[in-house]
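Have a look at the structure first, then read on.

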Amino acid sequence: MDTHFAEKTFDSGFSQIRERCRGISPLDAKLEKWQIDLLTGNSLAEWIDDFGSPLNVICPEPLVKNIEELNEVARQRDVDFRVYFARKANKCLALVDAAVSTGAGIDVASEQELTQVLNQGVSGRELICTAAVKNYRLLEICVNHEVTIAVDNPDELKQLLIITESLKQNANIALRLSGFLHDEIKLHSRFGFDIAAIEQIVEHIIPDAEQSRIKIIGLHFHLDGYSLSQRIAAVAQCLPVLDHMRTSGHQISFLDIGGGLPMCYLENETQWEEFWVQHAEALLGRCEPITYRNHGLGLIAINNELHGKRNCYPYYQSPVRAVWLAGLLDAQFESSTIAAALRNRGVQLRCEPGRSVLDGCGMTVAQVQFRKQHPYGDWYIGLSMNRTQCRTTSDDFLVDPILIPKVSINQTAYLKQTMEGYLVGAYCTESELISLRKFRFPAGVNIGDLIIFPNTAGYLMHFLESRSHQFPLANNLVVNRDDHESVQLDKIDRHPLGEMR
Ligand SMILES: *Cc1c(COP(=O)(O)O)cnc(C)c1O
């Protein structure tokens with residue numbers, strides 16, 4: 001095929017697609033080739049007919065590329081390094097398979113996540129369990145399968161003493177640490193052992209490193225947010241503790257810096273800045289609201305001044321992923337860099353990214369069921385989905401959806417006028433908006449049209465999904481590696497008999 005020609009036609013078709021639905025202050029999504037293929041084809045509409053709305057479409061290929069990008073940064077610096085994919089960010093098993101295919105391990109956060117991965121044929125030795133609360137049964141499975149356990153507190157350590165004694169087996173653990181100093185302030189966390197007290201606690205519970213059935217093989221932290229300088233500080237504070245614990249006989253082989261590697265959802269930094277400028281103007285009453293009932297997204301106007309802070313993921317940011325990791329490895333430490341410090345000690349660096357390695361791996365598709373105009377003029381576009389199906393702990397997903405018109409339209413209901421308004425969902429509450437942002441549809445919206453939320457694989461699909469009102473959970477379709485138009489249900493959704501498409 002003449003690729004030049006193909007690119008040209010694809011270009012003109014594509015920019016048209018974005019124009020059918022944009023935020024009042026636009027935020028254009030970054031899109032992968034597989035997404036553009038599907039957005040310009042007919043398959044999505046067929047899949048919605050077959051599998052219902054909403055529907056999550058997953059492509060594992062970018063996950064492989066994203067993990068390899070991280071591996072390459074470490075390889076360039078000769079740092080022993082391993083990614084543990086945090087699967088709580090997306091429940092699909094196709095993604096576990098893809099991560100394992102790169103040589104990555106898996107971070108599991110519950111008994112269900114753990115047993116599914118074991119049933120998938122992954123060895124327990126390739127796993128770390130970071131569940132926030134671990135019952136006896138979960139700890140027992142971890143010990144039996146030699147899963148590394150990220151231990152959060154003294155009670156967990158003591159439970160492990162009992163379990164390893166009764167099973168007559170060792171447990172490999174990493175101690176989760178917190179309370180790091182950053183800019184002279186102690187970082188708050190509900191998780192982990194305070195770094196200032198850890199050695200004393202370990203000495204008390206595990207007085208003899210060699211005799212104990214509990215083997216401390218790693219130190220671990222996972223910080224809230226995505227600050228590079230906080231992570232540099234945490235690494236710098238962990239390494240001396242690691243050194244000292246080694247001298248007490250603990251054979252610590254790795255330092256695990258958790259997740260929170262940043263990612264970027266948007267094409268354009270200017271749009272991101274303009275969005276916040278216009279939102280501020282709206283909150284101060286100087287222009288029309290661009291969010292539902294002038295929702296602040298974390299900001300509030302008091303006496304003509306804005307207060308508060310953005311309660312949203314930084315959907316545009318830089319550096320991300322590999323460049324960000326390079327920033328950590330190249331940061332100054334001791335007389336050289338963190339990379340050199342890890343190399344010199346023979347310490348493996350591990351990380352547990354969820355969101356950032358899922359960049360480009362998914363999108364959520366929903367069908368329009370109604371439009372109605374409010375007396376004040378705004379339109380409400382009703383979708384067959386609910387707000388838990390595209391949502392994280394952020395106030396909003398600040399990425400423009402994409403509209404694909406239904407091919408054969410019902411003439412009586414057809415509206416080709418410009419409409420402005422909000423996407424609303426299926427839960428019976430006044431707050432049930434799919435997005436708080438106001439959108440413009442220059443060529444209207446019609447029943448049966450599709451609204452596509454791009455790049456939802458990291459957290460947005462599954463982290464908060466609920467079955468309220470007894471709506472079924474959305475199906476998850478995995479696109480085939482070689483042919484993006486052919487799909488199968490992810491194993492997580494398959495009937496026990498293994499129905500496949
Ligand atoms: C949630 C979590 C992760 C993944 O975080 P991301 O922000 O998705 O990279 C990793 N480790 C632990 C302990 C977590 O709780």
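Which residues do ring pairs link into a cluster? The members are Tyr226, Tyr265, Trp272, Phe275, Trp276, Tyr313, Tyr315 and Phe397.

Before going further, a word on what you are looking at: this is a predicted model, where local features need pLDDT of at least 70, side-chain atom pairs count only at pLDDT 80 or more, and totals for chains, interfaces and linings use all residues. Residues are numbered from 1 along each chain as its sequence is written, and side-chain values use heavy atoms, with hydrogens and water left out.

## Rings and charges

Searching the whole structure turns up 14 aromatic pairs. Take Tyr313 and Tyr315: their ring centres are 5.6 Å apart and their planes meet at 65°, so this pair is edge-to-face. Rings of Phe, Tyr and Trp (its six-membered ring) pair if their centres lie within 6.5 Å; planes under 30 degrees apart count as stacked, over 60 as edge-to-face and the rest as tilted. Tyr313 and Tyr315 are both buried (buried means under 20% relative accessible area, exposed over 50%, and partly exposed in between, using a 1.4 Å probe and protein chains only).

The charged end of Arg355 sits over the Tyr313 ring, 3.9 Å from its centre. Elsewhere, Arg350 lies over the face of Phe254, at 3.6 Å from the ring centre. To count as sitting over a ring, NZ of Lys or CZ of Arg must be within 6 Å of the ring centre and within 35 degrees of the ring normal.

## The largest pocket

Where does the largest pocket lie? Domain 1 (3-59 + 360-492) and domain 2 (61-262 + 317-358) both give residues to its lining, so the pocket lies between them. Those domain bounds come from an automatic or database domain assignment.

The largest pocket has a volume of about 1,400 Å³. Of the 42 residues lining this pocket, His222, Leu223, Asp224, Gly225 and Thr393 are the closest to its centre. A pocket here is an open set of points on a 1 Å grid over the protein atoms alone, where a 1.4 Å probe fits, with protein on both sides within 12 Å along at least five of seven lines; lining residues have an atom within 4 Å of a point. The volume is the space filled by probe spheres set on the points, which are joined across faces, edges and corners.

What about the make-up of that lining? Its residues divide into 15 nonpolar, 18 polar and 9 charged. Ala, Val, Leu, Ile, Met, Phe, Trp, Tyr, Cys and Pro count as nonpolar, Asp, Glu, Lys and Arg as charged, and the others, Gly among them, as polar.

Now for the loops. A cis peptide bond joins Ser53 and Pro54, with omega at about 0°, and Pro54 is in the loop between α3 (43-51) and β2 (55-58). Ser318 and Pro319 are also joined by a cis peptide bond, omega being about 0°; Pro319 belongs to the loop between β14 (305-308) and α12 (321-329). The helices (H or I, at least four residues) and strands (E, at least two) are DSSP runs, numbered from the N terminus.

Positive phi values also turn up in residues other than glycine. Glu146 has a phi near 60° and lies in the loop between α7 (136-144) and β6 (148-151). Glu146 is partly exposed, at 36% relative accessible area. Leu297 has a phi near 55° and is found in the loop between α11 (269-283) and β13 (299-302).

Finally, here are some C-alpha separations.

| Pair | Apart in sequence | C-alpha to C-alpha |
|---|---|---|
| Ile404 and Val445 | 41 residues | 9.3 Å |
| Pro353 and Val202 | 151 residues | 28 Å |
| Glu113 and Cys129 | 16 residues | 9.3 Å |
| Asp194 and Cys287 | 93 residues | 48 Å |

As for where some of these sit, Ile404 is in strand β20 (residues 402-404) and is buried at 12% relative accessibility. Glu113 lies in helix α6 (residues 111-119) and counts as buried at 14%. Asp194, in strand β10 (residues 193-194), is partly exposed, with a relative accessible area of 28%.
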